[in-house]
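I opened my notebook to look up a few things in this structure. Here are my entries, in the order I made them.

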Amino acid sequence: MPGFELFGEQEKKEVQDVLDSGVLMRYGFDNMRNGHWKTKELEAAITRRMQTKHAQLLSSGTAALTVALASAGIGAGDEVIIPTFTFVASFESILAIGAVPILVDINDTLTLDPVAVKQAITKNTKVVMPVHMCGSMADLLALKTICDEHGLLLLEDACQAIGASYEGKPVGSYGDLGCFSFDAVKTITCGEGGALITNNKKYYINADHYSDHGHDHVGKDRGAEGHPFLGYNYRISELNAAVGLAQFKRLDEFLSIQEHNYSILRNALEPIEGLVFRKVPAGGIENYSFLSFFLPDEEKAKVAQIALTEAGIDGCFYWYDNNWHYYRKWEHLINRDSLGKLPNEVIKQLPDFKKADFSKSDYWVGRNISCLIKLSWSEAEVNERAGKMVVVLNKIL
Ligand SMILES: *Cc1c(COP(=O)(O)O)cnc(C)c1O
């Protein structure tokens, strides 16, 4: 997955353009910037590749999720449905605006289970936020149908699945809003950065203003710009955008390398009896950043993960025991350990996750191993890796 593996002259050139002008801000300084608008250029490239009308670059993927929610008018007391298997950024972005994260089970897609989503809807529900974990996607058609039925917003967290597609559409572009992360370990990196995409002009304009202290960006005098509503600072810098601009141009090259490496591993593992691969919804094409599979039970999955690591196969994750990606280890959320007082709405409406039954999620995540697909492997390295994995897994199964 990580774009930092293939980093070079193009990234340096884009950054040098910014350093030469000295304009590190995405807005203004028109006369000083030698015609360089790295953020705007990257936003234009994202809208083209993702087939959406609008893109707004932001300081992180978490910022993108926060701004996406805010741009659609989500606020205190609104409930947002998220999966039990995700990254902490999902609930962080929701809590940041005073809204309430509602955890919901996942299924064999390793993403939101539409049946569980339906059961979790209340009169306060406003958003369904599927998280396309590990390079594949949620059953977007089923989720969209539910959202349409109940008048809910569909916000796709595509931070780990950039370049994947569903029914011919890039993931992130299927829902009302979609978000990407360009942090240091993602497929495309800006160092730190993120983006939201949408076809909704109002959400886009709201996002543009909200992420820059409410500036309406009318006229040429920043000090005289209007502030139609309260905002915050989630801006990206030109330096970060410059790195991302070089990286984003290579997205399809990165995807084809990932697909090649993934296919070698997958073909080798496919004949192993007892190994089941993660389900990709009909109409979906992964971005091939991870190869995810299920062992027959939790015990075997734990043994397999240790055995793979001991055999020198790095980058195979057992998310069930991970502190950042699965609800079981989110004691800070479960115990409501907040530095300051939480909003009353959150205190009242946040479910008691100590009492929650997520055994359906446990069933899938407890048996899952996800192996990172790297860009920098040589052909010989992937083949060697495939051979070793087959030996290790065959011994266990
Ligand atoms: C990385 C990630 C984020 C957050 O992105 P940052 O840029 O690190 O803030 C959000 N959701 C998922 C699924 C991620 O993997």
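Which handedness does the crossing of H10 and H14 have? I looked, and the crossing of H10 and H14 is right-handed. I note that the model is predicted.

**Entry: helices around H14**

I started with where these helices sit. H10 covers residues 298–310, and H14 covers residues 379–396. The axes of H10 and H14 come within 10 Å. They cross at roughly 150°. Angles over 145 degrees count as roughly antiparallel. That makes H10 roughly antiparallel to H14.

Next I turned to H9, residues 251–269, which also packs with H14. I found the axes of H9 and H14 9 Å apart. The angle between H9 and H14 is about 30°. The cut-off for roughly parallel is under 35 degrees, and H9 and H14 are therefore roughly parallel to each other. H9 passes H14 in a right-handed crossing.

**Entry: H3 and H4**

How do the axes of H3 and H4 cross, and at what angle? I took H3 as residues 61–71 and H4 as residues 89–96. Their axes come within 9 Å and cross at roughly 40°. H3 and H4 are therefore oblique to each other. I noted the handedness too: H3 passes H4 in a right-handed crossing.

**Entry: the ligand**

Which residues come nearest to the ligand? I listed Gly-61, Thr-62, Ser-181, Asp-183 and Lys-186, out of 14 residues around the ligand. Gly-61 brought me back to H3, which runs over residues 61–71.

I then checked polar side-chain atoms against oxygen atoms of the ligand. For Thr-62 the distance is 2.5 Å. For Asp-183, an N or O atom of the side chain is 2.6 Å from a ligand oxygen. For Lys-186 I wrote down 3.1 Å.

How much of the ligand does the protein bury? Taken alone, the ligand exposes 380 Å². The protein buries 93% of that.

Last, I sorted the shell around the ligand by residue type. Five residues are nonpolar, six are polar and three are charged.

Key:
Residues are numbered from 1 along each chain as its sequence is written. This is a predicted model: local features need pLDDT of at least 70, side-chain atom pairs count only at pLDDT 80 or more; totals for chains, interfaces and linings use all residues. Side-chain values use heavy atoms; hydrogens and water are left out. A residue is near a molecule or strand if one of its heavy atoms lies within 4 Å of it. A polar contact is a pair of N or O atoms within 3.5 Å; within protein, one must be able to donate a hydrogen and the other to accept it, and residues adjacent in sequence count only if both atoms are side-chain atoms. Accessible areas come from the Shrake-Rupley method with a 1.4 Å probe; for residues, only the protein chains shown count as cover. Ala, Val, Leu, Ile, Met, Phe, Trp, Tyr, Cys and Pro count as nonpolar, Asp, Glu, Lys and Arg as charged, and the others, Gly among them, as polar. Axes are lines fitted to C-alpha atoms, for helices over the stretch in contact, and angles run from 0 to 180 degrees between N-to-C directions. Helices (H or I, at least four residues) and strands (E, at least two) are DSSP runs, numbered from the N terminus. Angles under 35 degrees count as roughly parallel, over 145 as roughly antiparallel, 65 to 115 as roughly perpendicular and the rest as oblique. A crossing is left-handed if the near helix is turned anticlockwise from the far one by less than a right angle, and right-handed if clockwise.
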